[in-house]
Amino acid sequence: MSRNSERAHAALASAPVADDALTLGGEPVARIAERVGRTPFYAYDRRAIGARVEQLRGTLPPGLSLHYAVKANPMPAVVGHLAGLVDGLDVASAGELRVALDAGVGPGDISFAGPGKRDGELRAAVASGITVNAESAAEIERLARVGDALGIQPQVALRVNPDFELKASGMKMGGGPRQFGIDAEIVPEVLRGLGDMAIHFRGFHIFGGSQNLRRESLIETQDATFALARRLAGDAPGPIELLNIGGGFGIPYFPGDEALELGEVSDNLAARMAEWHAGAGDTEIVLELGRYLVGEAGIYVCRVIERKVSRGQVFLVTDGGLHHHLAASGNFGQVLRKNYPVCVAHRVHGGPRENVSVVGPLCTPLDLLADCVDLGRAEPGDLVCVLQSGAYGYSASPHRFLGHPPPLEILV
Ligand SMILES: *Cc1c(COP(=O)(O)O)cnc(C)c1O
């Protein structure tokens, strides 16, 4: 009957509960719901984010800079919290740049990647003195013109579209033809042209992919990333001040996914960094992580409006759905739909249990938060929680679709 429950969700097995009620930041979710005042909402746990950074600091090689990729969760309170914990922020728009600067991060520790940067965005970036990760030769020329107009030297790193990809990734972002970065094979020619341009060359940004749970793939990609950077450095117009090696660390979303084991990844990084520093001197090496820092620290909470039975199948019809949490509905980059970890707030593991589907109020069969899962029995008014929702939730969802109110967000 329960086709999705044969294999366990790691996140549900380790979720913090008290009296079988889900807690976040030490508080029962029902109490947080009272504090928020209405459903649906996202809640993020500041202690869990802090603990994640601390765990990374304890594992990763000393001297490696840790950046937060703001697009994973741009809530200003979350970015402000992380700003005090990490070494820098990576932004992907002028809007995210404003959030990063508001969080008090110095421009030397902010970088801006992304294709199709508009003139206004380039001007804002140059005026604030952050590093722009240039995605094309044309963008470098536009940056030089902006710098000339403003009388400020642009700080530029080259985003390289590598000649390899991060294998077994949730989302591939390098290798083959891409809108991201400058193809590795033409980077030497671009580098040789930089000497005559009024920009300051800072280094390279090489991002191979995202949401990876396989340490061998990450290790292979890191090796290839350092080798590529070393090859390219020979044509650089100056020292490599900055080498952003991407990230790609994944989190377990689906039944059977296992948490990434970082020991070997970290040992390998330490070896590659030691080689790099022996050859090329004083480069800041940056690891950029989004979901790994915040994804597991957040939940999405909605309320059951009605229990509906259709031809024997129980549907919990809730006030939340795809319009708030596109990823949990399976429509954000998934090929085969799988269930996120979902639970009833006051009956995480205990009974009575039943097999249900959790749906939202939208008039589309895509509005499915959980398909045939084993949950504690829920009545109208009860709260349903989607775990692993701290990244690519609120900001990656089509809130305007069907005109329901947007969810709230709270950092606990
Ligand atoms: C999206 C993105 C990230 C963050 O990816 P996560 O999977 O959230 O870690 C990092 N770097 C770049 C360039 C990105 O586009």
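Tutor: A residue is called buried when its relative accessible area is under 20%. Please keep in mind throughout that this is a predicted model.

Student: Is Asn244 buried or exposed, and in which strand is Asn244 found?
Tutor: Asn244 is found in strand β14, residues 242-244, and because its relative accessibility is 3%, Asn244 counts as buried. Leaving aside neighbours within four places in sequence, Asn244 is in contact with Asp90, Phe204, His205, Ile206, Val286 and Glu288. With Glu288 there is also a polar contact of 3.5 Å between the two side chains.

Student: What is the phi of Arg311, and is Arg311 buried or exposed?
Tutor: The phi of Arg311 is positive, about 45 degrees, although Arg311 is not a glycine. Arg311 lies in the loop between β16 (298-310) and β17 (313-318), and with a relative accessible area of 88% Arg311 is exposed.

Student: How do I read a helix, taking α5 as the example, and which of the residues of α5 are buried?
Tutor: I would take the buried residues, then the ends. In helix α5 (residues 94-102) the buried residues are Ala94, Glu96, Leu97, Val99 and Ala100, and these pack against α4 (76-83), β6 (88-91), β7 (110-112) and α6 (119-128). At the N-terminal end, Ser93 caps α5, with a side-chain oxygen 3.3 Å from the backbone nitrogen of Gly95, while just after α5 Gly104 takes a positive phi of about 90 degrees.

Student: At what angle do the axes of α9 and α10 cross?
Tutor: The axes of α9 (residues 215-233) and α10 (residues 263-280) come within 9 Å and cross at roughly 10 degrees. Since angles under 35 degrees count as roughly parallel, α9 is therefore roughly parallel to α10. The residues of α9 that make the contact include Leu218, Ile219 and Phe226, and those of α10 include Leu269, Met273 and Trp276. By class, the contact has eight nonpolar, three polar and six charged residues.

Student: Finally, which residues come nearest to the ligand?
Tutor: There are 12 residues around the ligand, and of these Lys71, Ser210, Gly290, Arg291 and Tyr392 come nearest. For three of them a distance to an oxygen atom of the ligand can be given. For Ser210, a polar side-chain atom lies 2.4 Å from such an oxygen; for Tyr392, an N or O atom in the side chain is 2.6 Å from a ligand oxygen; and for Arg291, a polar backbone atom is 2.8 Å from a ligand oxygen.

Terms used: Residues numbered from 1 in each chain as written. Predicted model: local features only at pLDDT ≥ 70, side-chain atom pairs only at ≥ 80, totals over all residues. Heavy atoms only, no water. Helix = DSSP H or I, 4+ residues; strand = E, 2+ residues; numbered from the N terminus. Buried < 20%, exposed > 50% of the residue type's maximum accessible area, 1.4 Å probe, protein only. Axes fitted to C-alpha atoms, helices over the stretch in contact; angles between N-to-C directions. Parallel < 35°, antiparallel > 145°, perpendicular 65-115°, else oblique. Contact = heavy atoms within 4.5 Å. Nonpolar A, V, L, I, M, F, W, Y, C, P; charged D, E, K, R; others polar. Near = heavy atom within 4 Å. Polar contact = N/O pair within 3.5 Å; in protein donor to acceptor, adjacent residues only side chain to side chain.
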